[in-house]
Amino acid sequence: MHRLMIITASTREGRVGPIFADWIAKEAGATGNWTIQNVDLKDLALPMLDEPAHPAMRAYKHDHTKKWSTTVDRADAFIIVTPEYNSGYPATLKNAIDHLFHEWAYKPLGFVSYGGVAGGTRAVQMLKQVIATLKVVPVPEAVHIPSFWHFLAADGAYTPDYATLAMADSMLAELHKWTAPLKAMRQPEALALAS
């Protein structure tokens, strides 16, 4: 099975990101295609980028960066679960992305976004510009949850509607389709041919 990392981007108090991360992890697990690792950026607690060398050098000085590098390196595919803040995405997510460089390359990425009427779509569009420079392949299929509070019970339980479940199925199927070919591209012989 391929290794899928689900990244919860929001770290603020009162966030709902972990609810959606747990939900998409359950949906992904039901496919039988993935070994799943949830990474919560709040638990990761990376400081603002503090490495003296450019991440492309992979000359990491700090243990927190070395650990993050190993974690991302092991992943075959990603899902980012993000809110939309002022038409963008959380600074904590940008910081986590910027800590590394090569570890992201040639891996597919899906999005679960949530927010107001736009459902986080503007945050996702901004993210696509950033990840493209890292040779990450965003799949077109995504899950966008507008006015997410309507789907949360008082106890925090999430009940997706039919359209959201269909989006999740499509995104997970597309992620799986891209994972094996991109994994082959990360093999040393394929990288040597590309350079």
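Two strands count as paired here if DSSP finds at least two bridges between them. Keep that in mind as you click through this predicted model.

**Stop one: β4.** Select residues 108-115. This strand is largely enclosed by the rest of the structure, because 8 of its 8 residues are buried.

**Stop two: the partners of β4.** Zoom in on Gly 115 and you'll see its bridge partner in β6, Pro 146. Next, show β5, residues 137-138, which runs parallel to β4 and is joined to it by 2 bridges. Here Pro 108 stands opposite Val 137.

Now bring in β3 (77-83). It runs parallel to β4 too, with 6 bridges joining them, and Thr 82 sits opposite Ser 113. Trace the path from β3 through α4 to β4 and you have a right-handed β-α-β unit.

**Stop three: the cores.** Which residues have the most contacts inside the largest nonpolar core? Select Ile 7, Trp 68, Leu 93 and Trp 104; the core has 28 residues. Helix α5 (121-132) is among the elements that give two or more residues to this core, and α5 gives the most, with 5. A second, separate core has 25 residues, including Leu 4, Ile 24, Val 139 and Val 143.

**Last stop: Trp 104.** Show its surroundings: among the residues it touches are Phe 78, Ile 97, Leu 134 and Val 136.

Definitions and conventions. Residues are numbered from 1 along each chain as its sequence is written. This is a predicted model: local features need pLDDT of at least 70, side-chain atom pairs count only at pLDDT 80 or more; totals for chains, interfaces and linings use all residues. Side-chain values use heavy atoms; hydrogens and water are left out. A nonpolar core is a set of buried Ala, Val, Leu, Ile, Met, Phe, Trp, Tyr and Cys residues joined through side-chain atoms within 4.5 Å. Buried means under 20% relative accessible area, exposed over 50%, partly exposed in between (1.4 Å probe, protein chains only). Helices (H or I, at least four residues) and strands (E, at least two) are DSSP runs, numbered from the N terminus. Contact means heavy atoms within 4.5 Å. A crossover is right-handed if, with the strands pointing away from the viewer, the path from the first strand over the helix to the second runs clockwise. Lists of a residue's contacts leave out its neighbours within four places in sequence.
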